[in-house]
Amino acid sequence: MADFGYTVWILIVPFVTFIVLGLFGMKLKARISGLTGTLGLAIVTVLSYATAFRYFLGAGLADGIYQKIIAFNSTWLTLTDRLHIDMGVLLDPISVMMLVVISTVSFMVHIYSLGYMKGEKGFERYYSFLSLFTFSMMGLVVATNIFQMYIFWELVGISSYLLIGFYYSRPSAVAASKKAFIVTRFADMGFLIGILILSFTTKTFDFVTLTDLNGPAITSTGGAVFLGMSVMTWSMILIFVGGAGKSAMFPLHIWLPDAMEGPTPVSALIHAATMVVAGVYLVARMFPVYYFAAPEALQIIAWVGAFSSLFAAVIATTQTDIKRVLAYSTISQIGYMIFSLGVSGYGGPEGLGFMASNWHLFNHAMFKALLFLGAGSVIHAVHSNYMTEMGGLRKHLPITNITFLIACLTIAGLFPLSGFFSKDEILTAAFHHDKVLFAIEYLVAGLTAFYMFRLYFSIFHGHDRQYDHTPHESPATMTVPLIILAIGSVFSGLLPFNRLVTSDGAPFESHIEWSVAGPSLIIALTGIAIAWVMYRKENTLPDRLASTFKHSYKWAYNKFYIDELYLFITKKIIFRRISQPVAWFDRHIVDGTMNGIAWVTQTVSNRIKGLQSGQLQQYGFVFVTGAVALVLFFIYLIK
Amino acid sequence: MNILSCLVIIPLLTITGILLVKDARQARVVSAIGMGIQLITAFIIVFMYLSERKAGNTDQMLLMSSYEWFRSLNIYYTVGVDGISVAMIALTSIVVSAGVFASWEMEDLKKEFFISLMLLATGVFGFFISLDLFTMFLFYELAVIPMYILIGIWGSGPKEYAAMKLTLMLMGGSALLMIGLFGIYFNSAPDGGELTFNIIEISKITIPIQAQRWFFPLTFVGFGVLGALFPLHTWSPDGHSSAPTAVSMLHAGVLMKLGGYGCFRVAMFLMPEAANEMAWIFIILTTISVVYGAFGAIVQKDLKYINAYSSVSHCGLVLFAILMMNRTAMTGAVIQMVSHGLMTALFFALIGMIYGRTHTRIISEMGGLMKVIPFLGVAYVIAGLASLGLPGLSGFVAEMNIFFGSFEHPDTFHRVATIIAITSIVITAVYILRVIAILLLGPVRDPHYSEFNDARWYEKLSILALLTGIVYIGMIPSGLSGIIRDSIMPIVEKLM
Amino acid sequence: MNSGIPLEYYLIVATIMFFIGVYGFLTRRNLITILMSTELILNSVNINFLAFNRFLFPGKLDGHFFGLFVIAVAASEAAVAIAIIINIYRRFTSINVENVNELKY
């Protein structure tokens, strides 16, 4: 087996960049620090691509199956006698694929940011955080064990926190970053408890052992039963809670739309292409365990994914902030991926859903990053986030227009763009699994096409608005990444994922099932057509529709009041009903008891202090009487 | 002379030095030099300990020496260290040095302040190296008493009340402790023979179970008061908020660790049977402590109060882990002591520095400090992240050891307690981020803030000393954890 | 040597003196009188010392020594006490014991 030891540098380089920029960045010129960060990322990208080529073109193959290769592993901390946390690099099809995804998008974002963030205060801080993020994300995907994954999972969370709150003097950004961190942290608690239970049952953190078909995780299905489900199932559900938190699945999705407060390239990198798919990656990583040891959990995953995709798609049709539309679209697409894993089987063609999910992840990373970067380019040009303040930009931003259109067509799933292939495979997998879920996803496909083109037409078509100054196309540092990503999203559909990334590592044959793909194409075209009618030219149709379905529109526009619900729970329940009473209890009851003891002591001493009158003769009298009494006592009572 | 005794002698020599110099400005230099030497000594001891272990010495205690003190009562001055005491010594020396630098430009700077501080340090160091219960108790008292003077004179707010409350509650604990220690002493020779205060000697015999049932709770609660055991923790918020910066640092950073250290070194190590029997009561109390402290911290308005409640929560976790009585959890407890010591000292140092600039500690009266004092702001954020258990910083290592260790217990009671304790990490995130958001981020609240200076050299020195420890433990935990794991073994074996 | 007065007589005198002293000590308000009462108490003890020495251990002188010792102590005590009283007088312009009650709660 080939030596992949050098892959460690994929982690070391961004970490060093982070440290260097973090400690000394303030002394460097902004441009130098930006270039340092980008250079570091370039090295990472080269290494990732080299790894991917070597791995997929033979080095990873043995007996026609892609192997799991431990390129590096060393013990970081010994926990219990059996459990120890390792830090290492595990290469298998999905991790190598993720290396490519992350390095590509991250590299594009680094270049893009050179233009987008130009002149911002804290440029070096921005790049050092980006490096931290890349480091954490890379560490997450190459984790050799679930605990390493958890560690980098947290680090990814904190880099997300830091980047969302990049404009830290803006209160909304601060609130959004706080919300993102706390919601994901809450989910991570589930993840941690899940790991606790899992590691207790299986006595290992190691992915290779965990996903081994004869390993302790899969064979120990018996175990204790709690509330009708085995302990394994519970632990896998809890682990998925962690994944759902990071991947913004319902009902833990509320942080993602707010996270758009961060700089747009950050949204592209973290909140669209890479970090938010960590949940998908987690489930894919543990897939054999889910499939064999916790099928109920997999069922839950399928439903959560499907529901989230529908839910978010509905909300996306009503939002006016373009980044929020994209955020809900991200939730919806990730719902697709999660759902696809949920309906997948294991091994060969059975594992179609698994393959499709990863494929969609790959494609989605390309086109969603493209969409966000395109949106960034638009925002850069008009200094607004609201599509109501945009229109007719196609003349001013030709490159952005074309790349954005490509991305919209891709996400809508039009043949022969990449989105078509992966979506088709997902739908096929669903078709064979559950007809209800299948129907939901069909509907979502139509909604996706509709809201994406609503967005597209509102921004680039229609008539010009009053702009402060004429919008102009972005500089080359911004448009080049757009073009590269557009090429990526067009052609990534041609990659033979069925040969490369499969559930058991063995390639299998798959083909486009036109009986499924045909109707889905028609649905997508219908969605586009409706958007064309409603938003191509200014008209009153959208408003009339909105007033006809006033209530449902209002609910969707207000995101089904989930935010308010959370606010109620945090503000009213946790803050008012728990914390304040606890604080009060502490001050008045617990501390009151202590003060009470002091008070009793003081009062009693006040009462008896009169004995100490200062009258010498009174003391003498008491003394004499006492002495006499004692003498009498000893003489007459004790003999 | 034994090198361990240097730890007690150096602070005393420093006190002599301070008495000789003219004013407080010179006194602080003397203290800084003294504590610098102390720091070096501490690390020489760490190094000696490690090389001795590497050479294959498997005794429980190393570098031991013993001097007779009271023949008739068999009281000795016995010192010796294992991995746990070494860790605590390193922690203490870092925190004390940082404390001296943090009070470099204190208002109302007095020689006596440094004298009391050094006296406190003497007590703490002496406590950690003592192996004789009586000597240990003596040093314990020596550490508690100067606190009264330090808070009562140099404190802020209702300082007399706070000082009185703190001292009385700790003294109450000491009273229980003293009974407990004498109980141990008088049962230290159940088969006849000479009574002893020596911990190692006592650990070799079994104290009769009836006696253990009496004296274990007394000793545990006695030390527990100092370790902020619910419901005897209320000295902590008032005491910490009134104490001057350096004293808060030392108190939360080191003195509270005396409680945890004593709990397992004395109460559990010497009376394992009763510990096993009664652990459940204290597990319930500490679980409450952990969650309750965290919830209490959410609504506080004063920075120091937030930290005091957070300390209740974190120190609760220390006692919680100790009571889990297995190797991993107890290792976690010790790492948590070190980690919390560094982190909370850093917090209090920063709060002191921020207070020195804004003259308020109410968070809602401040805002946007990150822009004006970035060094302090970043340090505060890092301390906060360590506190909420971010990987790569010390808190995480400790918490993971604790949670995984606690979960080793196969019964429902321990597991439910563990899961309840785990919820604290979310609550911690809430209050830490709340403070960071209000205090540091957002728009600059007051135009006068632009006149603030960022950290001065002595402040930077103090902060960096603590930060280095936090990052080191977080990044490369295996060294510390390995030392502690080996040293915790005899205690765990006794408890099994 | 065998005079007719038995031991009991001495003891009775001493007891009466002692209680007169105690009574004076407790009831008199004037510090000088109190001092005098104390002298009475001391002297009653002296009588006891000498009487017991005489009757129980005629060959020894321990009781005499103690008697002399008590007289010496009483003398020095009187000196100190009067010094204190003078000071009290200067401060309170009175030697009434009821006025001297600073040392109380």
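Residues are numbered from 1 along each chain as its sequence is written, while chains are lettered from A and ligands numbered from 1 in the order in which they are written. Because the model is predicted, local features need pLDDT of at least 70 and side-chain atom pairs count only at pLDDT 80 or more, whereas totals for chains, interfaces and linings use all residues.

The average pLDDT of chain A is 84, and 98% of its residues score at least 70; pLDDT is the predictor's confidence in each residue, from 0 to 100. Within chain A, confidence is highest in helix H5 (residues 146-164), with a mean of 90, and lowest in strand S5 (residues 225-226), with a mean of 68. Helices (H or I, at least four residues) and strands (E, at least two) are DSSP runs, numbered from the N terminus. Where pLDDT is low, the predicted coordinates should not be read in detail.

There are 2 pairs of chains in contact, and chains A and B share the most contacts. Two residues are in contact if their C-beta atoms, placed from the backbone, lie within 7 Å. The contact takes 35 residues from chain A and 41 residues from chain B. Strand S3 (69-78), H5, helix H6 (171-202) and helix H25 (562-608) of chain A each supply at least two residues of the side that touches chain B. H6(A) gives the most to this side, with 12 residues. By class, the side of chain A that touches chain B holds 24 nonpolar, 6 polar and 5 charged residues. Here Ala, Val, Leu, Ile, Met, Phe, Trp, Tyr, Cys and Pro count as nonpolar, Asp, Glu, Lys and Arg as charged, and the others, Gly among them, as polar.

Between chain C and chain A, the contact takes 10 residues from each of the two chains. The side of chain C that touches chain A has 6 nonpolar, 1 polar and 3 charged residues. Chain B and chain C are joined by no contact, and their closest C-alpha atoms lie 20 Å apart.

Chain C has 3 helices and 0 strands, in the pattern α-α-α along the sequence. Its C-alpha trace spans about 55 × 25 × 25 Å along the principal axes. Of the 105 residues of chain C, 10% count as buried. A residue is buried if 20 or more other C-beta atoms lie within 10 Å of its own, exposed if 12 or fewer, and partly exposed in between.

Residues up to four places away in sequence aside, Ala369(A) touches Val105(A), Met108(A), Ala268(A), Ala272(A), Ala273(A) and Leu485(A).

Met236(A) lies in helix H9 (residues 231-246) of chain A and is buried, with 28 other C-beta atoms within 10 Å.
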